[in-house]
Amino acid sequence: MQTRSVLTALFLVLGALFAPGFGALTGTTPAHAATKITHATATSMFRQAGIGWSSSGNCSDRNNASCTSFEQLNLATAQGAQTLKSATGCALTITGGTETGHASGTYSHWNGYKLDYAKATCLTNYIKGTFSYIGVRGDGAPMWQSGSGNVYADEGNHWDVLYYNCGGC
């Protein structure tokens, strides 16, 4: 009976250590380790990198869909934008951040994992020429994936970018 209890405890501990996407020894999945930053911090980072941003409502209120907000953006997402700017050399304009009005989900704009970029020939050529085409998203948007795992979806009038990490910062 005592051996069975010891084995049960051992399997429970091993299960907790090695559980996919959860265990202590499996590495942390992106959703578990997000460091959030303020709008002011994000705009400072973007300004230093030469990244622009625009808002159809000329505002930054996170609760207004006409605004472009970076409040509660993941640090890795902001760093990913800096990496993209550095790698492409293209002019980048962010048109969507963490404001309401985007699709929901764990890896969403609201949760700080996504940015939208204005379409530009330089950026489009870089994405399609450098990253791997991985198919079409459920909404019909074609997708490309960087070597670091970030996903670039062509939504027609802008790029919707999902940052799982900073892209090699």
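1. Cys-166 and Cys-169 are joined by a disulfide, S to S 2.0 Å. The model is a predicted one. The torsion about this S-S bond is -85°, a left-handed link. The two ends sit in contrasting surroundings. Cys-166 has a relative accessible area of 14% and is buried. Cys-169 reaches 58% and counts as exposed, since the cut-off for exposed is over 50%.

2. The structure holds three disulfides. With the bonded cysteines of the chain numbered in sequence order, they pair 1-2, 3-4, 5-6.

3. Cys-90 pairs with Cys-122, and their sulfur atoms lie 2.0 Å apart. The S-S torsion of Cys-90 and Cys-122 is about -80°, so this disulfide is left-handed. Cys-90 lies in the loop between helix 3 (75-88) and strand 4 (93-96), while Cys-122 belongs to helix 4 (residues 121-130), so the bond ties together parts 32 residues apart in sequence. Cys-90 is buried, at a relative accessible area of 1%. Cys-122 is partly exposed, at 39%.

4. Cys-59 and Cys-67 make up another disulfide, with the sulfur atoms 1.9 Å apart. The torsion about the S-S bond of Cys-59 and Cys-67 is about -100°, so the link is left-handed. Cys-59 shows 25% relative accessibility and counts as partly exposed, because buried requires under 20%. Cys-67 is buried, with a relative accessible area of 2%.

Key
Residues numbered from 1 in each chain as written. Predicted model: local features only at pLDDT ≥ 70, side-chain atom pairs only at ≥ 80, totals over all residues. Heavy atoms only, no water. Disulfide = S-S within 2.5 Å. Buried < 20%, exposed > 50% of the residue type's maximum accessible area, 1.4 Å probe, protein only. Helix = DSSP H or I, 4+ residues; strand = E, 2+ residues; numbered from the N terminus.
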